[in-house]
Amino acid sequence: MKKQTLNLNINGEDFELRIFPNELLVNVVRETVGLTGTKYACGTGQCGACTVLVDDEPVLGCMTLAVSAAGSKITTIEGIAEPDGKLDPLQDAFLKTNAIQCGFCTPGMILVGKDLLKKNTNPTENEIRHHIKGNLCRCTGYNGIVRAIKKCRDDMAERNL
Amino acid sequence: MKMNTRIISHEFDYHAPDTIREVLEMLDQHGSDAKIIAGGTDLITQMKMGKRTPSHVVDIRKLKDLRYYVEGAVIKIGAGNNFRSVMEHFANNVPCRGLYEAIYSIGKTQVLNMGTIGGNLSNGSPKADTAPPLLTYNARVKLLSLKSERLIDLKDLHVGYNKTVMEENEIMTEIQFDALPKNTAGAFEKKARVGSDISKITCAVTVTRDNDVCRNCNIALGAAAPVPMRAPVAESIMKGRPFSDQLLEDTALQVGREINPPAYGRTSVEYRREMVAVMFKDGFKRAWEQAGGDK
Ligand SMILES: Cc1cc2nc3c(=O)[nH]c(=O)nc-3n(C[C@H](O)[C@H](O)[C@H](O)COP(=O)(O)OP(=O)(O)OC[C@H]3O[C@@H](n4cnc5c(N)ncnc54)[C@H](O)[C@@H]3O)c2cc1C
């Protein structure tokens, strides 16, 4: 098995990596690139902690061969704040509503939450809960997380008035 | 089974050909050493568990030629379409409601983005959620190799637990079925351990209605036997008869009798038998109402 060159654009920055074909995206992002905001947990797609956006769609980093993302645009939790450090509105809402306890699920939750708000600017509580079904949280009981996404939804609506 | 979930420990070469023809050539060349990967949501788990150790992994996800829809007398779905795309395509299609509900039940946003309908059927699992609704449509699948193309009935695809009739040099390119008749509607019912999960038992119903008469009631079940199955005896109870509550009860009981689940997996045989009858009734009632007619 030979290493391959892999060109990835991660959070707007171009990377030329040398990796083996059997390496998983979550490990390449965390260990080769050093962006540890993306978490590894179950490794079987159940928990969603390894979620990253590939070409703007949430996918499971633990079930994606890194080589298969060649030429794609990857967004991790580190890439959603503004360059000057100003938080994304959903990150801000997570902080303001205390939607974080241990924080392990938070990166995945925020990426999936952003995906929902991009596709549906006015989701109901049921729609929110359905959209985050692939992301497990063992601390909050989800209520805080749902509240955060609702707050972000409402803040966005208010700003557009 | 002991499972390493962090890495894939065996070595392989990765190929991402640009055309279906190149995929077929690779499969032909490498035989059982090669494995197709589409979304990878089944295959990566199998590789992590060491259940599959292909030395060549052939990626078909970027092939646009496998992502299409054709509407008309025959409805055609490219095998490379991901769950999300199929769900959106059938979102307002009343006759094909069962397929929509089946994919909706898979739930997890990331799996909907990654998993493909072709992968769901090719993987061969009796729990594949798209199989039951497609069985009620009498769907066919197109299998292509360098030397042949064949169209087989979906009911003949699965031949045993995680086993299909597909040859190792074949790729599934298309799922197709005849457009469903007027006054048809369907439903999909699923029981799983948690909100969105692999099925314990599922039931798809597709009903065609002629006012009060049930012209056709196609019933298919997942995780109910070693392969996804139809329930022909139960179907015959309802077919061609005016609807009555008693008929519905009789049919539901027969659905429970007709399943043949293995005595292992995510739940007991008894649970499946009892539940599937209730699930059938719920699904049937929803479909019956949607199928319209005068009443
Ligand atoms: C967290 C999680 C939840 C899941 N929940 C569900 C669920 O609720 N319901 C459900 O039904 N499934 C579920 N699955 C299983 C899986 O997502 C589906 O079976 C999916 O459709 C597999 O498609 P894929 O494209 O990812 O297949 P892959 O994993 O890429 O491939 C699966 C198998 O099919 C073969 N293959 C793929 N495409 C083709 C083709 N076109 N021609 C020939 N062979 C092909 C591959 O070689 C491989 O053997 C879940 C999986 C995960 C990880």
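1. In chain A, 17 residues of domain 1 are in contact with 13 residues of domain 2; contact means heavy atoms within 4.5 Å. The model is predicted: local features need pLDDT of at least 70, side-chain atom pairs count only at pLDDT 80 or more, and totals for chains, interfaces and linings use all residues. Side-chain values use heavy atoms, without hydrogens and water.

2. Domain 1 of chain A spans 4-79 and domain 2 spans 89-159; the bounds come from an automatic or database domain assignment. Their C-alpha centres lie 22 Å apart.

3. About 1100 Å² is buried between these two domains of chain A, and carbon and sulfur atoms give 64% of that area. Buried area is the accessible area (1.4 Å probe) that two parts lose on being put together, summed over both. On the domain 1 side, A:Lys39, A:Thr51 and A:Ile77 lose the most area to domain 2, together 37% of what that side buries.

4. The ligand lies between chains A and B.

5. Now the polar contacts (pairs of N or O atoms within 3.5 Å). A ligand oxygen is 2.7 Å from a backbone N or O atom of B:Leu43. For side-chain N or O atoms, the distance from a ligand oxygen is 2.9 Å at B:Lys190 and 3.4 Å at B:Lys35. The protein covers 96% of the 980 Å² of accessible area that the ligand has on its own (Shrake-Rupley method, 1.4 Å probe).

Terms used
Residues numbered from 1 in each chain as written. Chains lettered and ligands numbered in written order. Near = heavy atom within 4 Å. Polar contact = N/O pair within 3.5 Å; in protein donor to acceptor, adjacent residues only side chain to side chain.
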